[in-house]
Amino acid sequence: MKTILAALLLLSAPAALSPSPAQSPPAAPMRLAIAGLVHGHVSGFLRAAQARTDVEIVGVFDADAALLEKYAGQFKLPKSVLFGDLAAMLDRTKPEAVASFTNTQDHPLVVEAAAPRHVHVMMEKPLAVSTAAAQRIRRAAESGKIQVFVNYETTWYPSHGAMWNLMKERKAAGEIRKMVAMDGHSGPKAINVQPEFLAWLSDPVRNGGGALFDFGCYGANLMTWMMDNQRPLAVTAVTQHFQPAVYPQVDDEATILVEYPTAQGIIQASWNWPFNRKDFEVYGDHGLAIATGGNGLRVALPKEPEHAVTPEPLAADEKDSISHLRAVVRGSRPPNALSSLENNLIATEILEAARESARTQKRVVLPKR
């Protein structure tokens, strides 16, 4: 009887007293390398990466020893992660991904170094200075079977996510007929960007242009997204020099007209705005959505007068560039549509056609593919 009673007591014991199954260890931090320090956005990226526990910076490359020393001091980077040679950094640190902060002209060099080592690449916008350079990136990525995606600040705007839902998923405003992108600030010199950043932004070879490439890329990227990666029919652009003494070699003002079979896009890229702007307007047959910055959104629809909308937060793997990079690298998803290589190959075509149009003062028809 005692034996039966003891057995019953064991069976009725609380589950909490039973040994718990072994929990899976947390995933190791993503091994991340930085290629180049001349792009001013690298400062914010380093601060964000160092604040996370799911990312480990294993290497930092720049050919300029003084620049390496500057950032090492500012961000307390150990000498063991500093490299003056890109290939050596990739071989010794074995990163899972590279974040590129070179000038735009050097983007193909970073991808061509990373691809044969099967290291994924995220680069700051825009993708390339020309279609030829963009195709080099595409070929290298395909050869190495790596993901390459482009980081635009505007990709992580909740306002743009809400705009997509309204215009594309719900089709609440009908077919898109007009898009207007207004991007820029008062100029890199006026906002006191780092000297190394200003040096290549004002170089037509390393930047691809001036404001035309620096801020025209945002509109080209967003419009390509809204048009489902449809290549435009033609591009017409006007560039001007309102500050020739400051930017003698590159444009500081650009307006681009992008023609589609059923829609029109207008890109206003400027280093002469009196304040910072990253605004995007989309007009449909019977409605509109106007995004002002990351969280501002105004909507007008049939039977709904224009009113403000509070955008929903973006998903965890799309809320910022590092979270998205980690999700892509660890294989849980591909790059999103705005970051994708497919989108940015077309955006580069638009920018190159705009540069040619401004040079020749003629409308440029894009060749059929």
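What follows is a conversation about how the descriptions of this predicted model follow from its computed values.

Biologist: Why are the rings of Phe215 and Tyr218 called stacked?

Modeller: Two aromatic rings count as a pair if their centres lie within 6.5 Å, and as stacked if their planes are under 30 degrees apart. The centres of Phe215 and Tyr218 are 5.8 Å apart and their planes stand at 20°, so the pair is stacked. Both Phe215 and Tyr218 are buried, and together with Tyr152 they form one aromatic cluster.

Biologist: How do you know whether Tyr247 is buried or exposed, and what holds for Trp271?

Modeller: A residue is buried when its relative accessible area is under 20%. Tyr247 has a relative accessibility of 0% and therefore counts as buried, and Trp271, also with a value of 0%, is buried by that rule.

Biologist: What makes Lys125 a charge over the ring of Phe215?

Modeller: The distance part of the rule asks for NZ of Lys or CZ of Arg within 6 Å of the ring centre, and Lys125 lies over the face of Phe215 at 5.4 Å from that centre. Elsewhere, the charged end of Arg277 sits over the ring of Trp273, 4.6 Å from its centre.

Biologist: Why are strands S14 and S15 called edge strands?

Modeller: The nine strands form an open sheet of mixed pairing, in the order S14-S13-S12-S11-S7-S10-S9-S8-S15. Strand S14 (304-308) and strand S15 (364-365) each pair on one side only, and they are the edge strands. Helix H7 (residues 158-169) packs on this sheet, touching strand S7 (176-184), strand S11 (277-284), S12 and S13, and its direction makes about 170° with that of S12. H13 packs on the sheet as well, touching strand S8 (234-240), strand S9 (253-259) and S15, at about 60° to the direction of S8.

Biologist: How do you know that strands S12 and S13 pair?

Modeller: Pairing requires at least two bridges, and five bridges join S12 (residues 287-292) to S13 (residues 296-301), the two running antiparallel. Within this pairing, Ile290 stands opposite Arg298 in S13. The bridge rule is also met by strand S5 (residues 120-124) and S6, which run parallel and are joined by four bridges, with Met123 opposite Val150 in S6.

Biologist: Why does Pro95 count as buried, and what is Pro95 in contact with?

Modeller: Its relative accessibility is 7%, against a limit of 20%, so Pro95 counts as buried. Pro95 lies in the loop between helix H4 (86-93) and strand S4 (97-100). Leaving aside neighbours within four places in sequence, the residues in contact with Pro95 are Arg31, Leu32, Ala33, Val58, Leu90 and Val119.

Notes. Residues are numbered from 1 along each chain as its sequence is written. This is a predicted model: local features need pLDDT of at least 70, side-chain atom pairs count only at pLDDT 80 or more; totals for chains, interfaces and linings use all residues. Side-chain values use heavy atoms; hydrogens and water are left out. Contact means heavy atoms within 4.5 Å. Axes are lines fitted to C-alpha atoms, for helices over the stretch in contact, and angles run from 0 to 180 degrees between N-to-C directions. Rings of Phe, Tyr and Trp (its six-membered ring) pair if their centres lie within 6.5 Å; planes under 30 degrees apart count as stacked, over 60 as edge-to-face and the rest as tilted. Buried means under 20% relative accessible area, exposed over 50%, partly exposed in between (1.4 Å probe, protein chains only). A charge sits over a ring if NZ of Lys or CZ of Arg is within 6 Å of the ring centre and within 35 degrees of the ring normal.
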